[in-house]
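Please read the numbered paragraphs with the model at hand.

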Amino acid sequence: MPVITIANQKGGVGKTTTAVNLAAGLAIRLRHKTSEIQRVLLIDMDPQAHALMAIAYGQHEAPDSRSLAALLTKLPTPSIQPMIRVAAYHSNLHYVASNTKALAEAASRLPALMAKDERLARALEPVKEDYTFVIIDTPPNPGDLLTNALLAATHVLIPVETSYLGVTGLKGLHETIENVKVAYHRTELQILGYLPTLFEEQRSEASEIVEKLGERFGELALPPIHKAAELAYAHSAHLDIFTFRPPRARGDGVLRSSSRATQEYAMLVEEVFRRTMNTAIDSRSQ
Ligand SMILES: Nc1ncnc2c1ncn2[C@@H]1O[C@H](COP(=O)(O)OP(=O)(O)OP(=O)(O)O)[C@@H](O)[C@H]1O
Ligand SMILES: [Mg+2]
């Protein structure tokens, strides 16, 4: 099962927007496409819990002992099942309940704890087979929460803001990923792609950056997500873009929409399927 961590140590580059819309898009796609129930699990490693606010606003907080913070700090690791809840608008999108204060405290306590980097990976073990995809959103800084998210992952998806400063942040992230691979023998951890975000094609700087990403990373460079007011509106309405601007599903199951933002995230969903499933979901279900 692919576990996709969305990471970039730079803030405000579209990590949360991508985590939410990818998770929701995958859940919709799985619902349309298969007769058996297939689920997506979203984990929000950012204490601010903005990703959870978009899929379960007002319901995502739990007492600290029944939240993600307990999974990361308690030994033996508590069972994850009682902490899993269902998203507001997608019955096959689940999430782990959070507690903002407890998760922020957990981040400062983790350095002194044993097996501090592997706690999320261990906590996920019992439910791995229950989910077709796990998506993990991360905070915008290096540290134990990010390391836990990378160690639990099979793939890393990197949103890159299409500005000069957006690209400069990549060096630090590459070093963090390499360190995790070397320190924990995780050679199988793969970069799934670089996703240009907040793209404004009328700005020559932005187009140059998309071009450079293509030259540098080849087919790991994904098609860009344009800057779109709808994405910001959806975010502030605590909705994913597929709920805010619903797509029409055609017979082939591919999500289509008159909204460019919905369309672009739907294309990302297709590309993630293609890159993570050797045989497309189509052939498994038909
Ligand atoms: N393609 C886009 N078009 C317009 N607005 C966007 C787009 N992507 C993200 N935003 C907006 O930009 C802001 C930052 O996005 P987001 O929260 O996804 O970034 P982040 O990398 O998760 O930030 P942080 O590092 O603080 O967690 C949000 O207000 C969001 O609504
Ligand atoms: Mg975020």
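**Notes on the predicted model**

1. Two aromatic pairs are present in the structure. Rings of Phe, Tyr and Trp (its six-membered ring) are taken to pair if their centres lie within 6.5 Å; planes under 30 degrees apart are stacked, over 60 edge-to-face, and the rest tilted. The model is predicted: local features need pLDDT of at least 70 and side-chain atom pairs count only at pLDDT 80 or more, whereas totals for chains, interfaces and linings use all residues. Residues are numbered from 1 along each chain as its sequence is written, chains are lettered from A and ligands numbered from 1 in the order in which they are written, and side-chain values use heavy atoms, with hydrogens and water left out.

2. Phenylalanine 133 and phenylalanine 273 form an edge-to-face pair, with 5.4 Å from centre to centre and 80° between the planes. Phenylalanine 133 belongs to strand β5 (residues 133-137) and phenylalanine 273 to helix α12 (residues 260-276), so the pair ties together parts that are 140 residues apart in sequence. Helices (H or I, at least four residues) and strands (E, at least two) are DSSP runs, numbered from the N terminus. Both phenylalanine 133 and phenylalanine 273 are buried; buried means under 20% relative accessible area, exposed over 50%, and partly exposed in between (1.4 Å probe, protein chains only).

3. The rings of tyrosine 194 and phenylalanine 217 are stacked, because their centres are 3.7 Å apart and their planes lie at 10°. Tyrosine 194 is in strand β7 (residues 190-197) and phenylalanine 217 in helix α9 (residues 204-217), so this pair ties together parts 23 residues apart in sequence. Tyrosine 194 is buried, at a relative accessible area of 3%, and phenylalanine 217 also counts as buried, at 15%.

4. Helix α6 (residues 144-151) packs against helix α8 (residues 170-183) at an angle of about 60°, and their axes are 10 Å apart. Therefore α6 is oblique to α8; angles under 35 degrees count as roughly parallel, over 145 as roughly antiparallel, 65 to 115 as roughly perpendicular and the rest as oblique. Axes are lines fitted to C-alpha atoms, for helices over the stretch in contact, and angles run from 0 to 180 degrees between N-to-C directions. Leu146, Thr147, Leu150 and Leu151 of α6 meet Thr176, Ile177 and Val180 of α8, where contact means heavy atoms within 4.5 Å.

5. Which residues does arginine 39 touch, not counting residues up to four places away in sequence? They are Leu30, Asn92, His94, Asp130, Tyr131, Thr132 and Phe133. Arginine 39 sits in the loop between α1 (15-33) and β2 (40-44) and is partly exposed, at 29% relative accessibility. Its C-alpha is 5.9 Å from that of leucine 93, a residue 54 places away in sequence.

6. Histidine 235, in helix α10 (residues 229-236), is partly exposed, with a relative accessible area of 35%. Not counting residues up to four places away in sequence, histidine 235 touches Thr16 and Thr17. The C-alpha atoms of histidine 235 and valine 20 are separated by 9.3 Å, although these residues are 215 apart along the chain.

7. Glycine 11 is placed in the loop between β1 (3-6) and α1, and glycine 11 counts as partly exposed at 39% relative accessibility. Glycine 11 and glycine 166 are 155 residues apart in sequence and 9.4 Å apart in space, C-alpha to C-alpha.
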